[in-house]
2 protein chains.
Amino acid sequence: MKTTIRTLEVSAHLGERVRLTGWLQQLRRLGGVNFIVLRDGWGTIQAVTEHEADLAPLSGLGLETVIVLEGTAVSSAQANSGVELHQPKIEVITPNTETLPVPLYKNKIQAGLPTLLDHAVVVNRHPMRRAVFKLAAGVMAGFRRTLLEKQFTEIQTPKIVASATESGANVFELGYFGRSAYLAQSPQFYKQIMVGVFERVFEVGPVFRAEHHDTIRHINEYVSLDVELGFIENHFTVMAVVREVLAGIFAELETRYSAELTLLQANLPQVPAKIPHIHFAAAQELIYERHGVDVRGEPDLSPQDERWLGEWALAEHGSDFLFVTGYPMVKRPFYTYVDPQNPTYSNSFDLLFRGTELITGGQRLHLYEDYLAALAAAQLPTAPFETYLEAFKYGMPPHGGFAIGLERLLMQLLALPNVRLATLFPRDMNRVSP
Amino acid sequence: MKTTIRTLEVSAHLGERVRLTGWLQQLRRLGGVNFIVLRDGWGTIQAVTEHEADLAPLSGLGLETVIVLEGTAVSSAQANSGVELHQPKIEVITPNTETLPVPLYKNKIQAGLPTLLDHAVVVNRHPMRRAVFKLAAGVMAGFRRTLLEKQFTEIQTPKIVASATESGANVFELGYFGRSAYLAQSPQFYKQIMVGVFERVFEVGPVFRAEHHDTIRHINEYVSLDVELGFIENHFTVMAVVREVLAGIFAELETRYSAELTLLQANLPQVPAKIPHIHFAAAQELIYERHGVDVRGEPDLSPQDERWLGEWALAEHGSDFLFVTGYPMVKRPFYTYVDPQNPTYSNSFDLLFRGTELITGGQRLHLYEDYLAALAAAQLPTAPFETYLEAFKYGMPPHGGFAIGLERLLMQLLALPNVRLATLFPRDMNRVSP
């Protein structure tokens, strides 16, 4: 039997008889010429025949029938990939006679969001949907590659936890052998604890937020790319790692995922050698000066503020990225390190990407007594945190980290209208399947 | 300021003054000579001084104090790493005055399992505990590397699901915006669905089992290394991938984790070019012939059966690994592909590693009507599965896959007495923290 090759390999076999397997993506009859498009897990290839008899095995069958397609590889200016198959021979592996809920052969998917999500198990086969998830794999690969090169260790921390990580709100509760437990909102404490073990750690895993938000930017389960490192000077040490990680991710996409980027018309950002940064208070002054809107004293930036700052970073620094540093403590979680110069502010940052927050991070408290004080100030009980805080009892270095939401990164990179479209099978307030 | 280097880099700086940061792992005074052992995220290094004054910064402080250690790198036959520091200068970053719940400076940890687990956030700093989790990272890296080279695509599938994947039993239930949802027991259906998108997929992620088992081999949340691929001939195609993945994992450990393997006295297996296999029925015959115990007709293998088969594989084939194929359908989940030659059996396999089951896999059903029939035969309702089964309605190729439990692999490789010791922060019936 002939070895089966993949669509991407056909151009290396010009003049040869090749065998491929995949799905019948399209079948067109144009003035006596028949075009068969096969899709495999990597791309598509077109076969051409004038002989109706070559199509006989597909008689009565529909698109998405799983087939073997043999043919002679011929270069062709008309074909998308510059190559097509002649003298095709088709064999059916799995017939399909059902009409698809959404046509997959059109260049753009023509269906509303609910239909796309209801039928995601099939719609995700569309080349444009698939490209999004190939890029998701690329982001994870670039993230890990960069951190492994920098001597970070990958960890996997538990997702079932005894108490809410940061506060009692917004966590999912589950029954756990007759008691209650919760789904982790983030691996925050665990990654901090692991700084005591490996100094530099990262994790790629699901996080769960029971937030009652029904917006284009919220889903209730997402993939978090988490980083934490010890022996930092302050949050600027962390920001330097953020820059390297972003550069590594985008280099990975540029090098290995150019077909997907092209298909999705993605505009890959340049990561500057030094990402510009501005202090939170200075950012509010800047907005006042440039736009006449006085947001000084507000505890947080609004989406409009972020857009203005993004425009400024692009105009002033030619950068798609901008660090805003020193967010007010009132808006940051209790484990955030206070700015030693001005306790109103914190040693924290957000990274804006094209005018929208993409990454949050900062320096954390590292002294046990500071945790006790911070919990007291936040009017939180210490008991639920005791087993986690034990790490801080026995010597922890200054440390910090950050988290990237995989789906939001893809949403912003690809200018998707909804974060659900950056998720294979999204979970929101109203959707828990497929 | 001097650049900080890591313990592993000291030998490259002989004769130079170097600066390291880390934890005070040990402090010994022997006949006027003082030994200071620093541990960083990668290893340990010893400093030696006869001057008590050099230790002054540590006065009143305990082990695990976080320090800066400067010294002159000198080669030394006595030191473990062949190198030590002279003329040390110590600076305290984070003092520790608390006595540790378990001493970390001894070569072996001397504490019972409950103590180890209660204080895991600190105990995991011990070099022998740390080595286990470094190897966990190595297994994940080898797994991914092998599959990426074989054109598999990494996916992340949801962990909150609308219904129990395989049966109503053994799932955790959670409150989800006023309704019930469940934690995924495995990414089984999702990885199958994704064969329709990418043909070959893998996932590394948590799975959740509400099993009421309190044994040395059970935890209720673990990391599953999942693989699924399409266009297979039968389960033997899947088994060939299992072999390559195992070879890739152990090659990764051998190449990059030799220090950890040595420390843990791990006996790395050879993965044979072809792993031997035996049919389930033949395995039962073999046990009857060799051991006189008649297990023929039993629907499953007992742990004793598996040990006997492991001994046989080693004696007969010189292999630490043995595939047992064709498990009876009655013991396999409903989506398992029936053996076309004998419907009592299935196109499935277990991989025994040193006489214990390590990996389960097989061919799956791929026709929608076969799923309906299998659900009916298993007396399961179709409604909860409809949205997942949609993928099978529209053309799916023959496919199969397997899953490796990360913690069990480590437990068996390292001959750990309890799977909890292969888990950073284990979850069992009685434990949900730290």
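This is a predicted model: local features need pLDDT of at least 70, side-chain atom pairs count only at pLDDT 80 or more; totals for chains, interfaces and linings use all residues.
User: Which rotation superposes chain A on chain B?

Analyst: A rotation of 180° does, with 0.0 Å of shift along its axis and an RMSD of 0.0 Å. That is the relation of a two-fold axis. In chain A, the C-alpha nearest this axis belongs to A:Leu174, at 2.0 Å from it. Both copies use the same surface, as 100% of the contact residues of chain A recur in chain B.

User: Into which domains is chain A divided, and how far apart do their centres lie?

Analyst: Domain 1 of chain A covers 7-94, and domain 2 covers 127-422. Their C-alpha centres are 46 Å apart.

User: How is the packing of helix H7 and helix H8 of chain B to be read?

Analyst: Two packed helices are described by the angle between their axes and the distance between the axes. For H7 (residues 280-291) and H8 (residues 303-317) of chain B, the angle is about 80° and the axes lie 10 Å apart. Angles of 65 to 115 degrees count as roughly perpendicular, so H7(B) and H8(B) are roughly perpendicular to each other.

User: Which residues make that contact between H7(B) and H8(B)?

Analyst: From H7(B) come B:Ala283, B:Leu286, B:Ile287, B:Arg290 and B:His291, while H8(B) supplies B:Asp305, B:Trp308, B:Leu309 and B:Trp312. By class, the contact has six nonpolar residues, one polar residue and two charged residues.

User: Is A:Phe349 buried or exposed?

Analyst: The test is a count of neighbours: a residue is buried if 20 or more other C-beta atoms lie within 10 Å of its own. A:Phe349 has 26 other C-beta atoms within 10 Å, so A:Phe349 is buried. This residue is placed in strand S14 of chain A.

User: Which residues does A:Phe349 touch?

Analyst: Leaving out residues up to four places away in sequence, A:Phe349 touches A:His235, A:Met239, A:Phe323, A:Val324, A:Thr325, A:Gly361 and A:Gly362. A:Gly362 is 13 residues from A:Phe349 along the chain, yet their C-alpha atoms are separated by 5.7 Å.

User: What is the phi of A:Arg354, and where does the residue lie?

Analyst: Phi of A:Arg354 is near 55°, a positive value in a residue other than glycine. A:Arg354 is in the loop between strand S14 (348-353) and strand S15 (356-364) of chain A. With 20 other C-beta atoms within 10 Å, A:Arg354 is buried.

User: Is B:Gln265 buried or exposed?

Analyst: B:Gln265 counts as exposed, with 9 C-beta neighbours inside 10 Å. Its phi is near 50°, again a positive value in a residue other than glycine. B:Gln265 sits in the loop between helix H6 (258-263) and strand S12 (277-279) of chain B.

User: Which residues does a cis peptide bond join in chain A and in chain B?

Analyst: The angle to read is omega. In chain A, a cis peptide bond joins A:Ser433 and A:Pro434, with omega about 5°. In chain B, one joins B:Ser433 and B:Pro434, with omega about 0°. A:Pro434 is in the segment after helix H11 (406-414) of chain A, and B:Pro434 is in the segment after helix H11 (406-414) of chain B.

How values were computed
Residues are numbered from 1 along each chain as its sequence is written. Chains are lettered from A and ligands numbered from 1 in the order in which they are written. Axes are lines fitted to C-alpha atoms, for helices over the stretch in contact, and angles run from 0 to 180 degrees between N-to-C directions. Helices (H or I, at least four residues) and strands (E, at least two) are DSSP runs, numbered from the N terminus. Angles under 35 degrees count as roughly parallel, over 145 as roughly antiparallel, 65 to 115 as roughly perpendicular and the rest as oblique. Two residues are in contact if their C-beta atoms, placed from the backbone, lie within 7 Å. Ala, Val, Leu, Ile, Met, Phe, Trp, Tyr, Cys and Pro count as nonpolar, Asp, Glu, Lys and Arg as charged, and the others, Gly among them, as polar. Copies are superposed by least squares on the C-alpha atoms of residues with pLDDT of at least 70 in both. Domain bounds come from an automatic or database domain assignment. A residue is buried if 20 or more other C-beta atoms lie within 10 Å of its own, exposed if 12 or fewer, and partly exposed in between; C-beta atoms are placed from the backbone.
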